[in-house]
Amino acid sequence: MSIKLENINCTYMPKTPFEKAALYDINIEIEKGEFVGIIGHTGSGKSTLLQHFNGLIMPDKKSTGKVYIDGELLTKKNVRDLRKKVGYVFQYPEYQLFEETVYKDIAFGLKKLKLSEQEEYEAIHNAAEIVGISDDLLERSVYDLSGGQKRRVAIAGVIVMNPDYLILDEPAAGLDPAGKDEILTFAKRLRDERGTAVVLVSHSMEDIAQISDRVIVMNEGRIVMDGKPSYVFAQKKELNDIGLSVPEITSLFCRLNEQYPWISKEVYTVQDAVNVMKKLLSGGAVK
Amino acid sequence: MKVSFGQYVPGNSIFHRADPRTKILWTVTMMVLLLLVDSFVGYAVAAVFVVAAIIISRINIKLILKSLRTITFLIIFTMILNLLFYNGQTLLFKFWIFDVYLEGVLFSLKMIIRIILLISATSLLTFTTTSVMLTDGLEKLMKPLTYIGFPAHDISMMMSIALRFIPTFSEETDRIIKAQSARGADFDSPKFIEKVKSFIPILIPLFIGAFRRAEELATAMEAKCYRGGNSRTRFRVLKFSSADLFILIFTLLFLAFVIFEKSGWLAI
Ligand SMILES: Nc1ncnc2c1ncn2[C@@H]1O[C@H](COP(=O)(O)OP(=O)(O)OP(=O)(O)O)[C@@H](O)[C@H]1O
Ligand SMILES: [Mg+2]
C-alpha cells in the first residue's frame, strides 16, 4: 500500500513566455503508515509535488510520468475514486470554508458517501474531537471563529473522510506555538491510531526533526535528499547551501562539538539533547 | 493560471517603450481605418502594416495566433452567416434553402480578414503595455474631461485596481477549485441543478476573499495617506520619445494610404 510517483516532471504554463518548470524527474514512494516531512526553500516545488499525490495535478499524457495509488495507475477516470483515499489540506485552508455552520462544513465531503445520519454524526464528532473543536462550536458560523479555529475546521473537513494518506501543506503556518503543537500532535495521533500515512510540509526544521520518520529535501524542483532525520540533518553544510538549516539544537551541539569533541553532535531533537546531557552529567562521556 | 487574450509580455521593443497614449492612439486609429478599408488591395496593404507592427513589437507571432484562436467561433459564425444570407448576382450554388453568391463569398472573406487584422493590431496594445501604464495613459487622455467634473483619476485608479486583481482572482479560483475537489467536490455532474449547486463552494469563498482583499487594500491605501488625484506626483512620468514619433509616423503613413485609397484612385 503506497503512493508512488514515477518520472514526474511538471511545467506550469507550458509553451508561453511565462513557462516555469517546477519539478524534474521525481521518483518517490510514500508507504502506508509513514510520517514524511518535506522541507525546501520557498518555490522549490513542494506544493506542486504534493498536488501530484492526489491527482490535483496529473502528469502530462505525453510524458512517461505515472502516479500509482495503492498499486492502481491514476487516470482521469479513476481519479475521483482514488482521491478519496488521499486527504489534502491546502496552505491556508481556512479560506475554503463556505457553509453556514461548522458542522455542515465538516460534513461537505461526506455528502457523496451516502452515510446514514447516525454514521455521519459520529464521523463529524470524531473528526472535530481529533482536531480539538469542542461540540459547542459545531453549530456556530464558520466566519465567527478565530483563524486557528477555522484552520482546524478545515482540517477536520478532510480527516472526516478517514483518508489512508493525509497531506498537510504547511498546516501550522501563522499559528501560535500551542496551536502548532496541537496540529502536529493530532497528525501524529492519526498515524499512530489509524495507520494513516502523513506527508507534512513545514518550514520549521525543529518540527520536522521531531515528528517525521523520513525527511525529503527539495531544491529547485528536484529531490536532493531523502532519508531519516538523522541522515538529512547531519548534512549541515549541504542544507545551508540550498537555503535551509538544521534544527537550532543541532547547531548548538555542533558548536559544542567543535570545542569539546567528546560531546556528540548527532542531536536533532530536544529529547536527543536531554539524553546526551544526561549521559554527560552522569559521568560517561559520549564518544 | 492561463495566458489570457492580450496579456502583457515583457520586452524592450519600440512598442514597449512608447508612451501608452501613443499606443492607444495607434489602436483607435487602426480600428477606424480598418473599418474604412474595403478592397482586397487595401487589406493587403493593411496586412503589411499590421505584420510590420507585429515584427517591430517583437511579440511572438504564435501568441497573436493564440489570441486569434479564442475568436475562431466568431470568425466561423460571421463567415457562415454571410455566405448564406448575402444576396448578390452571381449565383454559385444552392444549398438547401440558401443561395450562395460569389459576392457573398468575397464579402465574408473580407470580413474575416478585417476581424483578423483588427484583433492582431489592437492586441499589440495589451501585449506591450502593462495595465498600470495603460490606465496612466487613459487618465492622461481623459484629463481634459476633468474640467467638466469627470473623475478621471478615480476612474483610472479603479481600472488599474480591477486589472491588477484579475490574475490574483484567477489564481484564487484555481486554488479553491482544487481545495474543494480535494474535499470530494464534484464539478462535472451531468444534472444541471447539481452543476449549479457545485459552484456554491467556489463562489462563496471567492466572494469572501474579494471582500477581505478590498478591505485590506483600502486600509493599506489609507495607511499610506492616499488622497486621490490632486497634486499627486508620479513615479513614472510619461513623455514623448523617439519611439512615439516612430509609431506616430507609422500610423500617419497608414492613414495617408487609406485616404489615398478612399479617394478612389485605387478602386478595383
Ligand atoms: N499556478 C502556478 N502557475 C505558475 N507557476 C506556478 C504556479 N504554482 C507554482 N508555480 C511556480 O512553481 C514553482 C514551485 O512552486 P511551489 O508552490 O510548488 O513551491 P513551494 O515549494 O510550495 O513554495 P512555498 O514554500 O512558498 O509554498 C515556483 O517557482 C512557482 O513560482
Ligand atoms: Mg507551497
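**Close-up views of a predicted two-chain model with ligand 1**

**View 1. The shell around ligand 1 divides into three nonpolar, nine polar and three charged residues.** The model is predicted, not determined by experiment. In total, 15 residues surround ligand 1. The closest are A:Lys20, A:Gly43, A:Lys46, A:Ser47 and A:Thr48.

View 2. Look for A:Thr48. Taken alone, ligand 1 exposes 640 Å². The protein buries 72% of that area.

**View 3. Strand S2 and helix H1 of chain A each give two or more residues to the shell around ligand 1.** Strand S2 covers residues 20-31, and helix H1 covers 46-53. Which element gives the largest share of the shell? H1(A) does, with three residues.

**View 4. Chain B meets chain A.** On the chain B side, 25 residues are in contact with chain A. On the chain A side, 26 residues take part. Together the two chains bury about 2300 Å². Carbon and sulfur atoms account for 61% of that area. Which residues of chain B lose the most area to chain A? They are B:Arg175, B:Lys178 and B:Arg183. Together these three make up 32% of what the chain B side buries.

**View 5. One salt bridge crosses the interface of chain B and chain A.** The partners are B:Arg183 and A:Asp105. Their side chains meet at 2.5 Å, N to O. B:Arg183 is also among the three chain B residues that lose the most area to chain A. Polar contacts cross the interface too: the count is four residue pairs between the chains.

**View 6. A salt bridge within chain A joins A:Arg189 and A:Glu129.** Their side chains meet at 3.5 Å, N to O. The pair links distant parts of the chain, 60 residues apart. A:Arg189 sits in helix H6 (residues 177-194), and A:Glu129 sits in helix H4 (residues 117-131) of chain A. Over all chains, the structure holds 20 salt bridges.

Definitions and conventions: Residues are numbered from 1 along each chain as its sequence is written. Chains are lettered from A and ligands numbered from 1 in the order in which they are written. This is a predicted model: local features need pLDDT of at least 70, side-chain atom pairs count only at pLDDT 80 or more; totals for chains, interfaces and linings use all residues. Side-chain values use heavy atoms; hydrogens and water are left out. Contact means heavy atoms within 4.5 Å. Buried area is the accessible area (1.4 Å probe) that two parts lose on being put together, summed over both. A salt bridge is a side-chain nitrogen of Lys or Arg within 4 Å of a carboxyl oxygen of Asp or Glu. A polar contact is a pair of N or O atoms within 3.5 Å; within protein, one must be able to donate a hydrogen and the other to accept it, and residues adjacent in sequence count only if both atoms are side-chain atoms. A residue is near a molecule or strand if one of its heavy atoms lies within 4 Å of it. Accessible areas come from the Shrake-Rupley method with a 1.4 Å probe; for residues, only the protein chains shown count as cover. Helices (H or I, at least four residues) and strands (E, at least two) are DSSP runs, numbered from the N terminus. Ala, Val, Leu, Ile, Met, Phe, Trp, Tyr, Cys and Pro count as nonpolar, Asp, Glu, Lys and Arg as charged, and the others, Gly among them, as polar.
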